[in-house]
Amino acid sequence: YKQPAFMSGEDIFCTYKDTDLDRYDDGIVYRRQRGYPLRLQYEQTIYTWGVGDYKDIMFVTYRIRNESGKTYRNCWIAPVVDADIGHYYDTQYGHTNDYCSYLTSRPELNLGFQWSEAGSKSTYSEKGRGFGFLGMAMLETPAVDASGNLKYDKRIYPVSEQLGMKSFRNWEIDDDKNSDDERYTFMSENKKVETNTKKADIRFLASTGPFNMQKNDSTNVVIVFIYANNGKTGDITGKDTTERNELIRKTEFAYTVYYNNYEAPQP
């Protein structure tokens, strides 16, 4: 299905794929023995604006194409984010005081978010510097039929007919999953973890699936990053749910913009 045509204040487009096995840490021989390359192509476009609420949202669209000539079953897509929120980048202070959560109160928003502990005021801390939330929502995910095959009978499917965000996971950087099996299991467990238990250097992912990709199939996954201050005043604590009000409002705004064909000011 085809998406509407539009332009933002700044469009950034790139295409990437996995046919160069030398790009893998494990090397060519190891990956070839395990069935690589998968020959999936990703066409990524970023859309941003510079005015009003639009300046605080960034859309990232992925068109995933199966160029392998094969059928892949039980596919999952999981954008991974390693956001280091900090005033001062340093191995001790710059990225080890972050928290991450999933918004359980509004599951239809498919929203995860991250913030930084302000701590005591110092050269290194974020205290008093106006740092807020970084949110990431899954705006569009694949739609499938009863057999798990991708559907193409509509230009775009309402959120209620899409797979949606199935998992939201966060973990400390030292707990990275390194094997294919570990990564697949981790992203496909249908588990949404609300909050990590301690401040750390946090990574997170949001996943959607499962779906089948036939030969020459393509599908879209669209995420949006949202930047929002404390919904009240002062630094983010993460303990007061009303702090999230501005983040929720801007996420709702992002949904409205996206499902109204990116209605926005002209660049």
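Buried means under 20% relative accessible area, exposed over 50%, and partly exposed in between, using a 1.4 Å probe and protein chains only. Welcome to a predicted model, in which local features need pLDDT of at least 70, side-chain atom pairs count only at pLDDT 80 or more, and totals for chains, interfaces and linings use all residues. Residues are numbered from 1 along each chain as its sequence is written, and side-chain values use heavy atoms, leaving out hydrogens and water.

**View 1. Phe168 and Phe204 form a tilted ring pair.** Rings of Phe, Tyr and Trp (its six-membered ring) pair if their centres lie within 6.5 Å; planes under 30 degrees apart count as stacked, over 60 as edge-to-face and the rest as tilted. By this rule there are 15 aromatic pairs. Here the ring centres of Phe168 and Phe204 are 5.4 Å apart and the planes meet at 40 degrees, so the pair is tilted. It links distant parts of the chain, 36 residues apart: Phe168 belongs to strand β9 (residues 167-172) and Phe204 to strand β10 (residues 202-213). Helices (H or I, at least four residues) and strands (E, at least two) are DSSP runs, numbered from the N terminus. Phe204 has 0% relative accessibility, so it counts as buried, and Phe168, also at 0%, is buried.

**View 2. Arg31 lies over the face of Tyr36.** Look for Arg31 in helix α1 (residues 28-33). Its distance from the ring centre of Tyr36 is 4.7 Å; a charge sits over a ring if NZ of Lys or CZ of Arg is within 6 Å of the ring centre and within 35 degrees of the ring normal. Arg31 counts as buried because its relative accessibility is 4%. Leaving aside residues up to four places away in sequence, Arg31 touches Leu21, Tyr24, Asp26, Tyr36 and Asp180, where contact means heavy atoms within 4.5 Å. The charged end of Arg34 sits over the ring of Tyr30, 3.6 Å from its centre.

**View 3. Seven strands make an open sheet.** With antiparallel pairing, the strands follow the order β1-β2-β3-β11-β8-β7-β6. Two strands pair if DSSP finds at least two bridges between them. The edge strands, β1 (10-17) and β6 (98-102), each pair on one side only. Nine bridges join β3 (residues 57-66) to its antiparallel partner β11 (residues 218-228), and Phe59 stands opposite Val224 in β11.

**View 4. Ring pairs build a cluster.** The linked residues are Trp49, Tyr54, Phe59, Phe253, Tyr255, Tyr258 and Tyr259.
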